[in-house]
Amino acid sequence: MADSEFYMKLALKNALKGQGFVSPNPMVGAVIVKNGRILAEGWHHRCGDLHAERDAFSNLKDDCAGADMYVTLEPCCHYGKQPPCTEAIIEHKIKWVFIGSDDPNPLVNGKGCEILEKNGIEVIKGVLKEECDSINKVFFHYIKTGLPYCVCKYAMTADGKIASYSGDSKWISCEESRKLVHEMRGIYRGILAGINTVLADDPMLNCRIPGRPGPVRIICDSSLKIPLESKIVKTAGKYETIVAAVTGEAEKAEALRASGINVLFVKEKEGHIDLRDLFSKLGKLKIDSLLVEGGGDINFSVLSEGLCSKLFVFTAPKILGGREAKTPVEGKGIEKVRDCISLGEPVVKKTGCDILLEYEVV
């Protein structure tokens, strides 16, 4: 392996330490090397903290003049919650900067590299670009569209049922799969469910992995049917919660707000919440990613609206049958097979006794 790839892999390893904490910022890692010796490493710990480059400089114990820096994303060149990383690189007299991903943020987008080169620093771009790009799909989607990166997750039996004909669904997936779902909840910024899921299951929709951040809970509830005694409402003071509605009684909305819930009114579409309007409003609230854990109707809606980027499908070695048993994607459906929603090649994994299929929506 070339030295540049070795050090970039180390930078990537550092970047992933920020997973679940840096939203709506990207995950970034950095490594400083001089004469074949690693002087310091760093990463972006959480939104508002030092960027990866400055974090690496803060860990230096030796002079780094003339050193190389490996960074997974183009260094920023603008003032935000932190000053430009380009300034720190120039001040520390770095000689070469090796970069993995280009930054599509209009405030950067090539300007960081230009500033470094104008100050006599050699810049090499595209080192392990595919790997570096892959860790920041959420950020790239969000910065380009202003909408959250959306992932649908559901567990089903081998015959495609998410519940029995009586509505019982505990538990279709195995313990290992359920633990993995909680890990997902600690990665994505928001978790989206419909009111029918709340009425049927009274879920918490929180993350139970110690030390992981909990998602913002977002409930699609067109007419504010959510019970005040539901777990979602009762725990709204502990977990950030949004209820999205089209209409509803003013007294109910005030009661929900008094419980700590952000009641967000959105546009109506065909008698339901306009999901594109909701996603736009969530993007403005800096919610850069969503894990959808709803029923068949909301799954179909995000897929048919072109809002879903990825699917996680847990398939359990169980059979339920039943004409009335719920399936993972329902709604109106698509009339012609030729018009179906297409998925990419699956990544197949085993979780306990279940099979996990991971698809990109194409």
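Which residues of the largest nonpolar core touch the most other members? In this predicted model, that core holds 31 residues, and Leu192, Ile218, Leu275, Leu278, Phe279 and Leu282 are the ones that touch the most other members. Two or more residues of this core come from each of β6 (149-157), β8 (216-220), β9 (241-245), α11 (275-284), β13 (289-292), α12 (296-304), β14 (310-316) and β16 (354-360). Another core, of 25 residues, lies apart from the largest one and includes Leu39, Ala40, Val97 and Ile121.

Leu275 is in contact with Cys220, Ser301, Val302 and Leu307, if its neighbours within four places in sequence are left aside. Val302 is also one of the buried residues of α12, together with Gly296, Ile298, Asn299, Phe300 and Leu303. The buried residues of α12 are covered by elements that include β6, β7 (190-194), β8, α11 and β13, and just after α12, Gly306 takes a positive phi of about 70°.

At least two lining residues are supplied by each of α6 (137-145), α7 (175-185), β14, β15 (347-351) and β16, with β16 giving the most, namely four residues. The lining of the second largest pocket divides by residue class as follows.

| Class in the lining of the second largest pocket | Number |
|---|---|
| Nonpolar | 17 residues |
| Polar | eight residues |

Terms used: Residues are numbered from 1 along each chain as its sequence is written. This is a predicted model: local features need pLDDT of at least 70, side-chain atom pairs count only at pLDDT 80 or more; totals for chains, interfaces and linings use all residues. Side-chain values use heavy atoms; hydrogens and water are left out. A nonpolar core is a set of buried Ala, Val, Leu, Ile, Met, Phe, Trp, Tyr and Cys residues joined through side-chain atoms within 4.5 Å. Buried means under 20% relative accessible area, exposed over 50%, partly exposed in between (1.4 Å probe, protein chains only). Contact means heavy atoms within 4.5 Å. Ala, Val, Leu, Ile, Met, Phe, Trp, Tyr, Cys and Pro count as nonpolar, Asp, Glu, Lys and Arg as charged, and the others, Gly among them, as polar.
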